[in-house]
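Please have the sequence and the model at hand while reading.

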Amino acid sequence: MEIEKESLVLSRQFEKVNAILRKYSHNVDNLIAILQEIQSEYRYLPEEILTYVATALQVSPAHVYGVATFYAQFSLEPKGEHIIRVCDGTACHVKGSAQILKAVRENLGLREGENTTSDLMFTVETVACIGACALAPALMVDEEVYGQMDEEKVQQLVDHLLGEGEKVDAV
Amino acid sequence: MNEKIAKKAVVVDGQEIILNGEKNILEVAKKANIEIPTFCYHSDLSVYGACRMCLVEVEGRGLMPACSTSPEAGMVIKTTTSRVLQARRMIVEFYLANHERDCTVCERNLNCRLQAIAASLGIDEVRFGEREEKLPRDTSTFSLVRDPNRCILCGDCVRACKEIENIGIYDFTQRGSQTKVEPAFGKKLSEVECVYCGQCSVRCPTGALVVKSEVNSAWEAVLDSDLMVVAQIAPAVRVAIGEAFGLPPGEITTGKIVAALKKIGFDRVYDTAFSADLTVIEEAEEFFRRLQKGERLPQFTSCCPSWVIYAERNYPFYLENLSSARSPQQMFGSVIKNFIYEAENTPREKIVSVSIMPCTAKKFEARRPEFIHDEIPDVDIVLTAQETIRMIKTANIDFKELDPLPFDVPLGAGSGAGVIFGVTGGVTEAVLRYAYERLTGQELKEVEFKGVRGMDSTREAEVDFGGRKVKVAIVHGLANAQKLVKDMRSGERYYDFVEVMNCPGGCIGGGGMPLEYPDYQEVLRRRAEGLYNADRLSVVRKAQDNPSIKFLYEKWLKEANSEIAEHHLHTHYYSRRRISDEMIRIQEAKSAQKVDIAVCVGTSCYLKGSYDLLQELLELTKEYGVEDRVSVGATFCLERCTEGPNIRINEEVFSGISKDNLRQIFEEAVLSKLVAETH
């Protein structure tokens, strides 16, 4: 059943890529917009899709790869369904964001060098500042901000995200 | 602005210079005998203005980059002020901070622009730490080695590949301190569309892109007394090797090269101009046959290995149009391994055939499986001019003072026609010298076809062969070739014969030629002149008049395009993939008993509508309810571009797929397998 669902997704995604290319009239001037839309479809930019985009736009794959790696918004690695962004701006850093990051990663069972859980549910990133300095240390889960975190609260939050335990209130 | 200065003049370091259409301050300074240092400026590439080495002080404006600042009347320019020196020193120090410091073991030691500029500025200390991370070197091709640890991000290779070749295998990737110059997805050169021409390495100011050396195997061969080492020298290198020994570009040093190779220990030294003559005859005869039958026209030349690979990857519709004649290097290789060995009474495996070439792609060409028989390659070792220079230096030979020696007989001599193969337009001119006499039966008195000479990127000529007008075109640089092919495909232009050379100027601008000149364009011009001089000085100026050629046909080949000639001097071409090992997964079968289908979406098939076929195929799997047993993917090339669109079902490739036959193929090749497997 799972695989069937995946197949459907794959086929639908590829149709979408072609629709996106058509929408931007196969014009390389729209490359960034094209990559943005493809990323929102796949949640990342798969190498072979970038090569396909280069073929369809008649530019070199190196050109597309250059643009895709220049902008931090693009990811060439698969990302999880939910993105946890741990703030490491000055205020959060001083208030121990390193511990928070460690706790998030441990609770998700991420090994060193891994930023995405193997079930592709969660990706953990650090960001320079999310503008919630008064609530330091802070983190975001997708669009929700959680402030004044400590290791216990992190555990509670991750448990909840994994479908266990109580809800933690966002800001 | 200073009003005392003459109306259309600028002042450079106190000297008044009258402006005469100079593009930038670099050119104006040159007129004042000042060579401003640059890394990223090349007169034949777009101006990038990133390396900042060429900063000069312009009165009233401050520091300005000389490469991208146009001179204006009244400008007062100072090229060496304390601000300029301070800025340049700082910039070089930054470059060095990011650059490997193992100069003594670098290919470009004593031949490196970064090293030279650092030395001229007197940099004696780098105040910054070294780069900790060491990136892997790419040695994946036969032609080039890329060492990212030596890259200073000047982008010269990026622009060379994009602008001269319009391939663009490199680009800037990542950002800030992480910035790199690399091929797509950090792949190796062997995994991307590189045609191995080495134009990137010609422009690289450091050792980040260098020729892959075969010097060690060459030494091993010449120092082994059991082996007979036979060399052939390409036309272009004879007017360039001298440059490394203080002789001016264009000076003909053929005899000195022969003498040097003999001193090093080569047993026989022959001239590739000889096999170029052979190419002229074989290729021209092939052309006449096509002309008579009116088929496979235009005929494209095939002596340039980079052009051949490019055509194999991108122009499946023209593969039949490439001349089947092998390149002069491979023709000589074949002559050595199939004819000379017998004359020398030496077993084939004891002969080592070495070619001295201007070209990095020749290294690839020599390894094409078509040119290797029973594991013995026709050409064993390919040395570029750069590697040959290194060997001469290793042997401590005073090259400049050498007395010239002649080539070995009987197959040594080439005609002037063979010699000009090394310059753009040369192959065409050589063929015309043969064709005129062959088709009109009259002697050609004026052998120089000036109309096909010159450095314009695309040139054309019409030649009257006794009533039949033949249209020829000559193009150099793949970007220009691509434009020409586009026009030909659209019907805008028509030619009967097209000469294509990958490198600007032809082989004289090859990727393996000597490096480091302030004015590369001038060097190319002088090398071209050198080859035309060598032609003028030749006793024999037409391939058909070459007695060695007559000898070889008499003793071995019988006649042009004979069966023996076809077998030993001709070849064939294949469609080749541009992108390796990539597959877009579109539908995954969950059953263990499944059929895998790959639809090609490479450029050629994509343009023929393979995307629609893909959709149709997915529909078919639904219609027959076999989605769970058929995997569908999109792949980039099945190497059958002429017959596309192509699909692969398990291991079998089906060509010429259309909406009309897709259902039948699906039923026969896919459904039948599924039925068979369930039983």
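Which side chains of chain B and chain A meet in a salt bridge? They are those of B:Lys187 and A:Glu47, with 3.9 Å from N to O, where a salt bridge is a side-chain nitrogen of Lys or Arg within 4 Å of a carboxyl oxygen of Asp or Glu. Across the interface of chain B and chain A the rule finds one salt bridge.

This is a predicted model, in which local features need pLDDT of at least 70 and side-chain atom pairs count only at pLDDT 80 or more, while totals for chains, interfaces and linings use all residues. Residues are numbered from 1 along each chain as its sequence is written, chains are lettered from A and ligands numbered from 1 in the order in which they are written, and side-chain values use heavy atoms, with hydrogens and water left out.

At the interface, 38 residues of chain B are in contact with 30 residues of chain A, contact meaning heavy atoms within 4.5 Å. The buried area between chain B and chain A is about 2800 Å², and carbon and sulfur atoms give 61% of it; this is the accessible area (1.4 Å probe) that two parts lose on being put together, summed over both.

Chain B is divided into four domains by an automatic or database assignment.

| Domain of chain B | Residues |
|---|---|
| Domain 1 | 9-80 |
| Domain 2 | 92-212 |
| Domain 3 | 216-569 |
| Domain 4 | 583-678 |

Taken over C-alpha atoms, the centres of domain 1 and domain 4 of chain B are separated by 60 Å.

Strand E10 of chain B (residues 228-233) has six of its six residues buried, that is, under 20% relative accessible area with a 1.4 Å probe and protein chains only; strands here are DSSP runs of at least two residues, and helices of at least four, numbered from the N terminus. In a regular strand the side chains alternate between the two faces of the sheet. One side of E10(B) carries B:Met228, B:Val230 and B:Gln232, and the other carries B:Val229, B:Ala231 and B:Ile233.

E10(B) pairs in the parallel sense with E13(B) (residues 351-357) over six bridges, pairing requiring at least two DSSP bridges, and B:Ala231 has B:Val354 as its bridge partner there.

Note on methods: Buried means under 20% relative accessible area, exposed over 50%, partly exposed in between (1.4 Å probe, protein chains only).
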